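User: I would like to go through a structure with you. Could we take it step by step?

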Amino acid sequence: VGVLVEAFRPGAELVVPGKLYDYLGASLPVVALVPDGAAANLIRQTSSGIAALEPAPLRLENLLRQLIENLRRGAPALRPPDPQQIEQYQRTRIVGTLASLLEKVY
């Protein structure tokens, strides 16, 4: 499981840390403490994990307890991301999309 923590400051909702793409590329499920915004949306769109949207200690404790309970039952803490959903974020696909856009412009 990949862990991602982003600061809760103005503008942080616009940030998608590169580490999130690393986790997606490695097919690691993500537990993220991020403001509601770009990173949380990417996690939701790719079904790649859980995003806690506020730094509330009790909520985080409950989330971690649930992940540990999953492991105790012999289940994965989180299910891995769906490869079809994260495919669009692979570097080769993004470069291909960019190249086709540039061809249209030039």
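This is a predicted model: local features need pLDDT of at least 70, side-chain atom pairs count only at pLDDT 80 or more; totals for chains, interfaces and linings use all residues.

User: How many aromatic pairs does the structure hold?

Analyst: The structure holds one aromatic pair. Its members are Tyr-21 and Tyr-89, with ring centres 6.3 Å apart.

User: Why is the pair called tilted?

Analyst: The ring planes of Tyr-21 and Tyr-89 stand at 45 degrees, so the pair is tilted. The reasoning uses two cut-offs: planes under 30 degrees apart count as stacked, those over 60 as edge-to-face, and the rest as tilted.

User: Where do Tyr-21 and Tyr-89 lie?

Analyst: Tyr-21 belongs to helix H1, residues 18–25, while Tyr-89 sits in the loop between helix H4 (83–86) and helix H5 (91–105). The pair therefore ties together parts that are 68 residues apart in sequence.

User: And Tyr-89, is it buried, exposed or partly exposed?

Analyst: Tyr-89 has a relative accessibility of 23%, so it counts as partly exposed. The cut-off for buried is under 20%.

User: Changing topic: what about Ser-48, buried or exposed?

Analyst: Ser-48 is buried, because its relative accessible area is 0%. This serine is found in the loop between helix H2 (38–46) and strand E3 (49–52).

User: Which residues is Ser-48 in contact with?

Analyst: If neighbours within four places in sequence are left aside, Ser-48 is in contact with Leu-24, Leu-28, Pro-29, Val-30, Leu-42, Ile-43 and Pro-81.

User: On to charges. Why can side chains pair up at all?

Analyst: Side chains of opposite charge can pair when their charged atoms come close. In this model the count comes to five salt bridges.

User: What is one of them, in helix H1?

Analyst: Lys-19 and Asp-22 both lie in helix H1, three residues apart, which is about one turn of the helix. Their side chains meet in a salt bridge with an N to O distance of 3.6 Å. Lys-19 is partly exposed at 42% relative accessibility, and Asp-22 is partly exposed at 44%.

User: What about helix H3?

Analyst: Helix H3 covers residues 57–72 and holds both Arg-65 and Glu-61, four residues apart, again about one turn of the helix. The salt bridge between their side chains is 2.7 Å, N to O. Arg-65 counts as exposed because its relative accessibility is 53%, and the cut-off for exposed is over 50%. Glu-61 is partly exposed, at 35%.

User: Which residue forms a salt bridge with Asp-36?

Analyst: Arg-44 does, and the closest N and O atoms are 3.0 Å apart. Asp-36 has a relative accessible area of 47% and is partly exposed. Arg-44 is likewise partly exposed, at 44% relative accessibility.

User: One last topic: which residues form the nonpolar patch on the surface?

Analyst: Leu-98, Leu-102, Val-105 and Tyr-106 form that patch, and together they have about 490 Å² of accessible area. One of them, Leu-102, has its place in helix H5. With 42% relative accessibility, Leu-102 counts as partly exposed.

User: And where is Gly-11?

Analyst: Gly-11 is in the loop between strand E1 (2–5) and helix H1. Its relative accessible area is 31%, so Gly-11 is partly exposed. From Gly-11 to Asn-41, the C-alpha to C-alpha distance is 15 Å, and the two are 30 residues apart in sequence.

Definitions and conventions: Residues are numbered from 1 along each chain as its sequence is written. Side-chain values use heavy atoms; hydrogens and water are left out. Rings of Phe, Tyr and Trp (its six-membered ring) pair if their centres lie within 6.5 Å; planes under 30 degrees apart count as stacked, over 60 as edge-to-face and the rest as tilted. Helices (H or I, at least four residues) and strands (E, at least two) are DSSP runs, numbered from the N terminus. Buried means under 20% relative accessible area, exposed over 50%, partly exposed in between (1.4 Å probe, protein chains only). Patches are made of residues with over 30% relative accessible area and no salt bridge: like charges are joined within 9 Å, nonpolar side chains (Val, Leu, Ile, Met, Phe, Trp, Tyr) within 5 Å. Accessible areas come from the Shrake-Rupley method with a 1.4 Å probe; for residues, only the protein chains shown count as cover. A salt bridge is a side-chain nitrogen of Lys or Arg within 4 Å of a carboxyl oxygen of Asp or Glu. Contact means heavy atoms within 4.5 Å.
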